[in-house]
Amino acid sequence: MNEYTTTRHNELVDPSLHIWGWEIPVYLFIGGLVAGMMIITGYFIFKGRYKDKACVCRVLPLLGMIILSAGMFALFLDLEHKLYTWRLYLTFKVASPMSWGAWILIVVYPAMIASFLINVPEYFSKKFPWIDKISEKLQQHKYAVKNIGVINMLLGGLLGIYTGVLLSALGARPLWNSSMLWLLFLVSGLSAASAFVHMVAKRVDERELLAKADNGFLILEIFVIGLFIIGMLTSTKVHIQSALVLLSGIYAPAFWVFVLGLGIVIPLIIQLLAVNHKIKHTPIAPIMVIVGGLILRYVIVYAGQYTRWVDASLLP
Amino acid sequence: MMRFGMVIDTKKCVGCMDCVVACKTENDVPEKLNRDWIVQDVRGKNPDLHMEIRTERCNHCDNPPCVYCCPTGASHVHDLGGIVLVTHDLCIGCKACLASCPYDARFVHPEGYADKCTFCVHRVEKGLDPACVSVCPTHCMYFGDFDDPNSQVSKLLASRKNHSLIPEAGTKPQIFYLV
Ligand code: SF4
Ligand code: SF4
């Protein structure tokens, strides 16, 4: 018999850590989604599709900026000492993923503004002709445009990767101690972004392309989740215990049903049938993918906080 | 250089919680929050049981993840003896440090900043012991400099069997328990 009692009952810390509520999962999800949107926009720009006024890369930068700003607002809501937020920008702490993130969030905006200027949405080009002029000038410099595409892909990648590293650097939560987390969040972000772009794209060929891409990302995501779990199960006792929180513990229903079942496997089957023209494309599968991506962040953030580094000999 | 730490004799600790009360009074720790606490750890199979009573707090780790993850530099290592501290008006309350501590030694102060044991740095600067050490009725706690081989804490560590908490988390905790 091992029995452990403590007189500490600190709010948000005991009996298990619960410092992050809905704000952080929402922020991490949005970070991944916008990262995916930047990569897709960058790819289309790089491929020269920006010349086409109907290309979805015309609206994505603006949508990306709006969505990311909402995510940053969620992050701001989570801070306990809000008046001091500006302190983030007086320093750069190389060992702190949080500090990296604060600066990445700042540098992605100019990149998104640049991609916005390459192909200005109709509403803006009609209302503000001077923006259209900038756009025309920019389009004459082919290499500059290509570089903007590449920079968007790179910074999007960095943003998506950082949302995972943020958690995996917090070594005291065994479930997050995985070098797979950055890849999981990046792939999940790409998948959610593909689903989102599939819904907003006007051109049929783009919709088809993104549905196919999404299927690829979903299949990859299943592998990454598998490797993440195997990594945990082959590690120390505390890590095995933390994997069981997902596999058979209190977060198992959410993990199996919402993340894997309704968030990945079922939409994947629907979309595979759709791209093979067995059924029609509907928004159902993309919506499931997007909601599944959000629930994935919830489950990982909540279950991770639930796991802790206790003396391994106390574990059953 | 100095390296402050504690040695706590679990053979003498009776779990009276005087250290907890002293800390709350000395540091004005808000209600429902604790910078130090008592743990009762019972191991073994009946009738062969072993109990350890421990007073626990921030371990002022030598390899402190809470300092590394802090985005503003609010969590830092003090020049005086490597004490890990939080500068209140640098802290944005992001709680990364709470998530990074394997001992869950930190909490959010109602005013919004991350808070925890300071080894009573305001007393230590004056050459006094931390409040918890000074009030312990069984004298089971010792505070001192591990870098000085002649300090009482160094000698106790050299002469008695001891352990630290969750050393496998790799944070190099600076509180040792004599068994
Ligand atoms: S015990 Fe926790 S809060 Fe204290 S120094 Fe170590 S990691 Fe940081
Ligand atoms: S809560 Fe404060 S001390 Fe802790 S990591 Fe964030 S800014 Fe640093």
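## A hairpin in chain B

A hairpin joins S2(B) to S3(B) through two residues. Helices (H or I, at least four residues) and strands (E, at least two) are DSSP runs, numbered from the N terminus. S2(B) and S3(B) run antiparallel to each other and share ten bridges; two strands count as paired if DSSP finds at least two bridges between them. Within this pair, B:Val42 stands opposite B:Met51 in S3(B). The loop between S2 and S3 of chain B contains B:Pro47, and the peptide bond from B:Asn46 to B:Pro47 is cis, with omega about 5°.

Please keep in mind that this is a predicted model, in which local features need pLDDT of at least 70 and side-chain atom pairs count only at pLDDT 80 or more, while totals for chains, interfaces and linings use all residues. Residues are numbered from 1 along each chain as its sequence is written, chains are lettered from A and ligands numbered from 1 in the order in which they are written, and side-chain values use heavy atoms, with hydrogens and water left out.

## Where the chains meet

How many residues of chain B are in contact with chain A? There are 48, and they touch 42 residues of chain A; contact here means heavy atoms within 4.5 Å. The area buried between the two chains is about 3,700 Å², and carbon and sulfur atoms give 55% of it. Buried area is the accessible area (1.4 Å probe) that two parts lose on being put together, summed over both. On the chain B side, B:Ile92, B:Lys95 and B:Asp104 lose the most area to chain A, together 17% of what that side buries.

The rule finds 23 residue pairs in polar contact across this interface, both residues being at pLDDT 80 or more. A polar contact is a pair of N or O atoms within 3.5 Å; within protein, one must be able to donate a hydrogen and the other to accept it, and residues adjacent in sequence count only if both atoms are side-chain atoms. The elements that give two or more residues to the chain B side are strand S2 (36-45), strand S3 (48-57), helix H3 (96-100) and strand S6 (107-108) of chain B. S2(B) gives the most, with nine residues. By class, that side has 27 nonpolar, nine polar and twelve charged residues. Ala, Val, Leu, Ile, Met, Phe, Trp, Tyr, Cys and Pro count as nonpolar, Asp, Glu, Lys and Arg as charged, and the others, Gly among them, as polar.

## Strand pairing

Elsewhere in chain B, four strands form an open sheet of mixed pairing in the order S8-S1-S10-S9. Strand S8 (141-145) and strand S9 (162-163) are the edge strands, each pairing on one side only. Strand S1 (residues 4-9) of chain B pairs with S8(B) in the antiparallel sense over five bridges, and B:Phe4 stands opposite B:Asp145 in S8(B).

## Salt bridges

Over all chains, the structure holds 19 salt bridges, and four are found across the interface of chain B and chain A. A salt bridge is a side-chain nitrogen of Lys or Arg within 4 Å of a carboxyl oxygen of Asp or Glu. A:Glu80 and B:Lys95 form one through their side chains (2.8 Å, N to O).

A:Arg49 forms a salt bridge with A:Asp205, with the closest N and O atoms 3.1 Å apart. This pair links distant parts of the chain, 156 residues apart: A:Arg49 is in the loop between helix H1 (23-46) and helix H2 (60-78) of chain A, and A:Asp205 is in helix H8 (residues 204-233) of chain A.

## Around the ligands

Which residues are closest to ligand 2? They are B:Cys70, B:Cys91, B:Cys94, B:Lys95 and B:Cys97, in a surrounding set of 13 residues; a residue is near a molecule if one of its heavy atoms lies within 4 Å of it. This shell has nine nonpolar, three polar and one charged residues.

The residues around ligand 1 include B:Cys58, B:His60, B:Cys61, B:Cys66 and B:Cys101. Its shell divides into seven nonpolar, two polar and two charged residues.

## Backbone details in chain A

Most residues other than glycine have a negative phi, and most peptide bonds are trans. A:Leu12 has a positive phi of about 70° although it is not a glycine, and a cis peptide bond joins A:Asp14 and A:Pro15, with omega about 0°. A:Leu12 lies in the loop between S1 and H1 of chain A, and A:Pro15 is found in the loop between S1 and H1 too.
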